[in-house]
Amino acid sequence: MATSASAGVTPGSAPGRERMDRHLVDEGRVDEDRVAQFLERVIIDGGAAVAGLCTSLGDRLGLYAAMAGAGPLTSARLAARTGLVERYVREWLAAQVAGEYVTYAPGTDTYELPDEHAVVLADPDSPHYAAGFFTMLQAVYATEDTLMDAFRTGEGVGWQEHGPALFAGTAKFFRPGYAASLVPEWLTALDGVVDKLERGGRVADVGCGYGYSTMLMAEAFPASHFYGFDFHPPSIRAARGIAAERGLADRVRFDVATAQDFPGKGFDLITFFDCLHDTGDPGGALRCAEQALADGGTCMIVEPNGSADVQENATPVGRALTAASVAVCLPSALAQHGPQALGNHAGEEAMRTIAADAGLRRWRLAAESPVNRVYAVGR
């Protein structure tokens, strides 16, 4: 990559910029040490953004999987294990060492993925697996020009306008957390729901995407019947295929429907997993849910653990959530031309008010993690 320095230009050396910078320093308006510290922060962020491509490649090409538990490997050995070209693999490994994802032993010219790192990068069944996040980035960066236009016009960028990597990456990213928490923690935190599902209940999973949340519940409660709804036909097709592979077709059904018009009545449980804020009419979605609930039924709303107070989001998780809201969540809601576009950090009070207006006035925080808040809601 060419840099301004390599082109004979020192960053910030343009005469006009130099005079302005010096003027601000002389007036005492700018602390040079703080400028240097912030510049370092921005360079770190830029490096992380580029390194994210390498992380996605490592996941999609099976490089992390090939290194997991394999001990020290030369670049040639890793290339042989993955069927990839050694020169590219060696360059990728250099980036992994620079990012401290992989360790290097110069005496033997070998590279190793620590077991603790493998849990995060190479084990899809681990609740800590996070590689799906980087798959999503491929689609997000590809729609940057469309998003720029949206900033100028106020129009949205619909979910379907993104590439397939967003749909697959979203499912891949959320599945481990749902697998770890949905059945053993979240459902058990809902009053009486597990008993109903064990006896045989009806569940609607609204905004189900690839249906991993739906199928996790179906696997745990074989006496119940589950209905997954999503307005995105390619995701529903993917969900049907996965359900067939898992042998769940007898108790799981997936259909295309919006959150505001999904069919069926008498549901003992209606779930919204990290999707209610993406709709242009969350109130309409909850009104539909209120009408579809059985007597004594429960609505479970899972939302990102973000805050309406922007200062409270100055954390690693908050930063990721709010950036995702700019890139995907808010534009998706605006594209639906509904009455509300919340973003993913509207906060509990806003959601609670919308639910109450929809006739769901029983509200309780049932569970919480660094990433999600789980609300038990009913009439």
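This is a predicted model: local features need pLDDT of at least 70, side-chain atom pairs count only at pLDDT 80 or more; totals for chains, interfaces and linings use all residues.
## Nonpolar cores

The largest nonpolar core contains 43 residues. Within this core, W186, L187, L269 and M300 have the most contacts. Helix α9, spanning residues 164–186, supplies the largest share of the core, with seven residues. Another core lies apart from this one and has 27 residues, including A259, F262, A289 and V377.

L269 can be followed through its contacts. Leaving aside residues up to four places away in sequence, L269 touches L187, L190, V193, L197, R202, V203, A204, M217, T298 and M300. Two of these partners, L187 and M300, are themselves listed with L269 among the residues with the most contacts inside the largest core.

## Helix α13

Helix α13 runs from residue 282 to residue 292 and is mostly covered, with nine of its 11 residues buried. The buried residues are P282, G283, G284, A285, L286, C288, A289, E290 and A292. A289 also belongs to the core of 27 residues.

Which elements cover the buried residues of α13? Among them are β6 (267–273), β7 (293–304) and α15 (348–357).

## Surface patch

L53, L57 and L61 make a nonpolar surface patch of about 270 Å². L57 is part of helix α2, which covers residues 32–60. L57 counts as partly exposed because its relative accessibility is 36%, a value between the 20% limit for buried and the 50% limit for exposed residues.

Key: Residues are numbered from 1 along each chain as its sequence is written. Side-chain values use heavy atoms; hydrogens and water are left out. Buried means under 20% relative accessible area, exposed over 50%, partly exposed in between (1.4 Å probe, protein chains only). Helices (H or I, at least four residues) and strands (E, at least two) are DSSP runs, numbered from the N terminus. Contact means heavy atoms within 4.5 Å. Patches are made of residues with over 30% relative accessible area and no salt bridge: like charges are joined within 9 Å, nonpolar side chains (Val, Leu, Ile, Met, Phe, Trp, Tyr) within 5 Å. Accessible areas come from the Shrake-Rupley method with a 1.4 Å probe; for residues, only the protein chains shown count as cover. A salt bridge is a side-chain nitrogen of Lys or Arg within 4 Å of a carboxyl oxygen of Asp or Glu. A nonpolar core is a set of buried Ala, Val, Leu, Ile, Met, Phe, Trp, Tyr and Cys residues joined through side-chain atoms within 4.5 Å.
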